[in-house]
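The structure comes first, then my notes.

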Amino acid sequence: MPGAGKWRVAVVGATGAVGRVLLELLAQRAFPVRRVTALASARSAGRCLPWGAGEVTVQHLEDFDFREADLALFSAGAAVSREYAPRAAACDCVVIDNTSCFRGDPDVPLVVPEVNPETLAAYARRGIIANPNCSTIQMVVVLKPLHDAAGLERINVCTYQAVSGAGTRALGELEAQSRAVLEGKPVQAEVLPARIAFNALPHIDRFEDNGYTREEMKMVHETRRLLALEELRINPTAVRVPIFHGHSEAVHIETCRKLSASEARELLARAPGIRLLDEPRAGGYPTAAGEAQGSDAVYVGRIREDISHPRGLDFWVVSDNLRKGAALNSIQIAELLISKYLKPKT
Ligand code: A2P
């Protein structure tokens, strides 16, 4: 219950798409909060946001003294994290960062609690923990038990990513463009790189020199790090689709030992954080707007043996990108941190 616990928690980017879910989940999961501070830019200072049964007033990040917090959950973009996360850590306020800023830093653990909880112990090196990219999180939760059982050799993945992953302004753009198309009016793209309404964009984040996008390369680097498989071969294509919430992924893996579809189903049925919905009938598979949106689980369906490869397995993974892909994973890290490692400052 908000107010009954020991921990002073700051949410940086509280007015944003992920920030709002962070506040919602802190209250919903009864995180033992003594005080929550909602931080954002000067634009939002003074606004009220829902917090538990009441409200919290947004403060300007620049004015906040991080000595007043034990934990800070950052989700205000990499530039804000680059500047403020080290400042917070220097005030003995442990940062869980939901941006890409520190994910490649070997002194910052990159953590998915179902996958590599032991790496959290290294948080003390910089006082910062990195939350992986949304598409990576939901994929590795499923890959981990399969890798433990059969060894991963290669991954091919295509994503179908919701617009909420690009933030609140992008959600507004999808809505406005959809209305414009239906009303036969001209469509403008200002936030996303091209028209998203009734379309699919194979372009998330900037292009890299190798022809992949940065979003795709995040999946490569972060999956390798989370599974401690530096040489793992991963071939992603990341696509933005006109869905408000919930990322879907078509994943094709090749394993060292052949894994049958029924063995994979058994492994996944007992793995943490996963829900199986895998029946060959209409509705017998998970979808973003159906099962994933608003749910904590990573859903898996369409599990089948790849007819083109003797050790290939295909499946479909769906999860709420703002929850397990972002806010929920951050809060699970915070829960692990306070249960195993951290003491409140006062
Ligand atoms: P604000 O609402 O004041 O702009 P989203 O991912 O939905 O676009 O949200 C981004 C979040 O990051 C918002 O809470 C936004 O606050 C916050 N933010 C963006 N830039 C800054 C900044 N320079 N300082 C503090 N918060 C920022």
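**Loop residues and a helix crossing**

I started with Asp205, which is partly exposed, with a relative accessible area of 32%. I note that this is a predicted model. I placed Asp205 in the loop between α4 (168-182) and α5. Its phi is positive, about 70 degrees, although Asp205 is not a glycine. I kept the background in mind: most residues other than glycine have a negative phi.

Next I checked Ala30. It also has a positive phi, about 55 degrees, and is not a glycine. I found Ala30 in the loop between α1 (17-28) and β2 (33-40). Its relative accessible area is 43%, so I logged Ala30 as partly exposed.

Then I turned to Ala228. Is it buried or exposed? Ala228 is exposed, because its relative accessible area of 64% is over the 50% cut-off. I located Ala228 in the loop between α5 (214-227) and β9 (233-240).

Last, I looked at a helix pair. The axes of α3 (residues 134-150) and α8 (residues 323-340) come within 8 Å and cross at roughly 85 degrees. That angle makes α3 roughly perpendicular to α8. Which residues make the contact? From α3 I listed Cys134, Ile137 and Val141. From α8 I listed Lys324, Gly325 and Asn329. By class, I noted three nonpolar, two polar and one charged residues in this contact of α3 with α8.

Key:
Residues numbered from 1 in each chain as written. Predicted model: local features only at pLDDT ≥ 70, side-chain atom pairs only at ≥ 80, totals over all residues. Heavy atoms only, no water. Axes fitted to C-alpha atoms, helices over the stretch in contact; angles between N-to-C directions. Helix = DSSP H or I, 4+ residues; strand = E, 2+ residues; numbered from the N terminus. Parallel < 35°, antiparallel > 145°, perpendicular 65-115°, else oblique. Contact = heavy atoms within 4.5 Å. Nonpolar A, V, L, I, M, F, W, Y, C, P; charged D, E, K, R; others polar. Buried < 20%, exposed > 50% of the residue type's maximum accessible area, 1.4 Å probe, protein only.
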